There are 2 protein chains.
Amino acid sequence: MTGPLHQRIRADIEARIRSGEWAPGHRAPTEAELMEAYGCSRMTVNKAMIALVEAGLIVRRKRAGSFVARPKVHAPVLNIPDIQSEIVARGESYAFRLLSRVVRSPDRDSPEEVALAAGGKLLALDGVHDAGGRPFALERRLVSLKAVPEMADADFETHPPGAWLLEHVAWTEAESRISAVNAEPDEARLLALDEGTACLVVDRRTWREGQHVTRVRQVFPGEAYDLVARFGPGT
Amino acid sequence: MTGPLHQRIRADIEARIRSGEWAPGHRAPTEAELMEAYGCSRMTVNKAMIALVEAGLIVRRKRAGSFVARPKVHAPVLNIPDIQSEIVARGESYAFRLLSRVVRSPDRDSPEEVALAAGGKLLALDGVHDAGGRPFALERRLVSLKAVPEMADADFETHPPGAWLLEHVAWTEAESRISAVNAEPDEARLLALDEGTACLVVDRRTWREGQHVTRVRQVFPGEAYDLVARFGPGT
DNA sequence: CGCTTCAATATGTATAGACATATTTGCGAA
DNA sequence: TTCGCAAATATGTCTATACATATTGAAGCG
């Protein structure tokens, strides 16, 4: 292992934990002992230990010492790329077809819509993402014009609103719900599927600085699309 | 904002980025400027900047400076708790029913199984997770006895193999594929669903130190289960 | 015997200085 | 003008030291 010393120390300890040599609960050497072992200063071993804490491999308690953490249930990082990049990365042609575009007031019976609108109007966009000339995903989106007034003037005939938002509203927070549904008749028609075919649904709400920006429901044909989540070493 | 100075610096800069005051590509102050601004040492501002780099908010280039990063497409953290904890956390009763348990050689026609077995035998476990007395998930699992020989002697009549593995094989890496399928006749029967009902499928492969440990396919009724993924500030 | 107090310990935070390294910029020579 | 080299710059790493803080364990007291 080359590179900075703090990385080497980190890697050494991580290897011992991942191999099982140090089981969960095992007490790791103190910073003083590691200083001795590696012949370096305390700040250096501290940097390595802090990194291990952030990686969730170590928990530290003052006076008591540093211990191998009890592994958490998998909390993998899920890759939800935007659909356009995903398709282009596969080498297929991409197109977006806008089905409808409406500016309207929120439905008073829907607390969800009222909260999203935040006193303003909503932009409702429905469209289809095509991959290689075939429908790939159905998208139904609501945007708060209060949060993103510039969006009222943008053209989404052929450009997906997701990409526009990514470009113009940076650093958002989001919550996604993933579920499975049987395709409704109209959904099936738009996706060129049989009615009832299992579809993967991603329902995502996005905020910026606490303000609700957009809510989108994307429907994918179940067999055409896999979400992949990885959890492991690397980083 | 109280607490350590490096956290305060980090929070100040993060706020400017998240608010959009500093757009992607904007050049952040140099460490020297921040030292001046906060009246502290360089190590302290460095710690704050490093944290921002790890959070993906800042990219740094020597000689050039520190810049607000171009936001990545959402890479949310997906919570895939183990099923037992999930059900217990909801306040429902939990039970595991083993359907079958077989020790066998890998299918030579399946490169996947051959790789998992790594020259040894496979333990095949099928079972149902019940929540509140009703079937909640179907599980079909293969375990490499080469990787986990102790598992041959464990009792899974009523204890789920996932929990056993979590306890006995710490610090694994995993890859999960999430998709949607229409329930097969036998799956529908075991889950008490109509044939063809949309189900969420989590297909997970797990390694330890590069060695393949287990592969599991879990089938959830589409409407009974939502995976929730969050991405945002907090950490 | 049980409770409180106090000191020892290991981590948490911060400083000031030093040298290394990558990259840009500008100057000077071909 | 262009190529190449050197200086300036900002980050990357590391040291040695200092004091703060939480927790544990043991001593001391009722």
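Me: A crossing of two helices counts as right-handed if the near helix is turned clockwise from the far one by less than a right angle, and as left-handed if the turn is anticlockwise. Is the crossing of α1(B) with α3(B) right-handed or left-handed?

Reply: This is a predicted model. In it, α1(B) passes α3(B) in a right-handed crossing.

Me: At what angle do α1(B) and α3(B) pack, and how far apart are their axes?

Reply: Two packed helices are described by the angle between their axes and by the distance between those axes. For α1(B) and α3(B), the angle is about 50 degrees and the axes lie 8 Å apart. Angles from 65 to 115 degrees count as roughly perpendicular and those under 35 degrees as roughly parallel. The helices α1(B) and α3(B) are therefore oblique to each other.

Me: Which residues of α1(B) and α3(B) meet?

Reply: From α1(B) come B:L5, B:H6, B:I9, B:R10, B:I13 and B:E14, and they meet B:T44, B:V45, B:K47, B:A48, B:A51 and B:L52 of α3(B). Sorted by class, the residues of this contact are seven nonpolar, two polar and three charged.

Me: How do α1(A) and α3(A) cross in chain A?

Reply: Their axes come within 8 Å and cross at roughly 50 degrees, which makes α1(A) oblique to α3(A). The crossing of α1(A) and α3(A) is right-handed. On the α1(A) side, the contact is made by A:L5, A:H6, A:I9, A:R10, A:I13 and A:E14; on the α3(A) side, by A:T44, A:V45, A:K47, A:A48, A:A51 and A:L52. By class, this contact of α1(A) with α3(A) has seven nonpolar, two polar and three charged residues.

Me: What rotation superposes chain A on chain B?

Reply: To relate two copies, one reads the rotation, the shift along its axis and the RMSD. Here a rotation of 180 degrees, with 0.0 Å of shift along its axis, superposes chain A on chain B with an RMSD of 0.1 Å. The two copies are thus related as by a two-fold rotation axis.

Me: How many residues does each chain give to the contact between them?

Reply: Chain A gives 45 residues and chain B gives 46 residues. On the side of chain A that touches chain B, the elements giving two or more residues are α1, β4 (77-78), β8 (173-182), β9 (198-208) and β11 (227-231). Of these, β8(A) gives the most, with ten residues. This side of chain A divides into 25 nonpolar, twelve polar and eight charged residues. Because 100% of the interface residues of chain A are also interface residues in chain B, the copies meet through the same surface.

Me: Which residues come nearest to DNA strand D?

Reply: Of the 22 residues around DNA strand D, the nearest are A:L5, A:C40, A:S41, A:M43 and A:R63. Elements of both chains give two or more residues to this surface: α1 (5-18) and α3 (42-54) of chain A, with α2 (31-38), α3 (42-54) and β3 (65-68) of chain B. The largest share, three residues, comes from α3(A). The surface near DNA strand D has seven nonpolar, seven polar and eight charged residues.

Me: Which residues are closest to DNA strand C?

Reply: DNA strand C is surrounded by 22 residues, and the closest are B:L5, B:C40, B:S41, B:T44 and B:R63. Chain A contributes through α2 (31-38), α3 and β3 (65-68), and chain B through α1 (5-18) and α3, each giving two or more residues. The most, three residues, comes from α3(B). By class, the surface near DNA strand C has seven nonpolar, seven polar and eight charged residues.

Definitions and conventions
Residues are numbered from 1 along each chain as its sequence is written. Chains are lettered from A and ligands numbered from 1 in the order in which they are written. This is a predicted model: local features need pLDDT of at least 70, side-chain atom pairs count only at pLDDT 80 or more; totals for chains, interfaces and linings use all residues. A residue is near a molecule or strand if its C-beta atom, placed from the backbone, lies within 6 Å of it. Helices (H or I, at least four residues) and strands (E, at least two) are DSSP runs, numbered from the N terminus. Ala, Val, Leu, Ile, Met, Phe, Trp, Tyr, Cys and Pro count as nonpolar, Asp, Glu, Lys and Arg as charged, and the others, Gly among them, as polar. Copies are superposed by least squares on the C-alpha atoms of residues with pLDDT of at least 70 in both. Two residues are in contact if their C-beta atoms, placed from the backbone, lie within 7 Å. Axes are lines fitted to C-alpha atoms, for helices over the stretch in contact, and angles run from 0 to 180 degrees between N-to-C directions. Angles under 35 degrees count as roughly parallel, over 145 as roughly antiparallel, 65 to 115 as roughly perpendicular and the rest as oblique.
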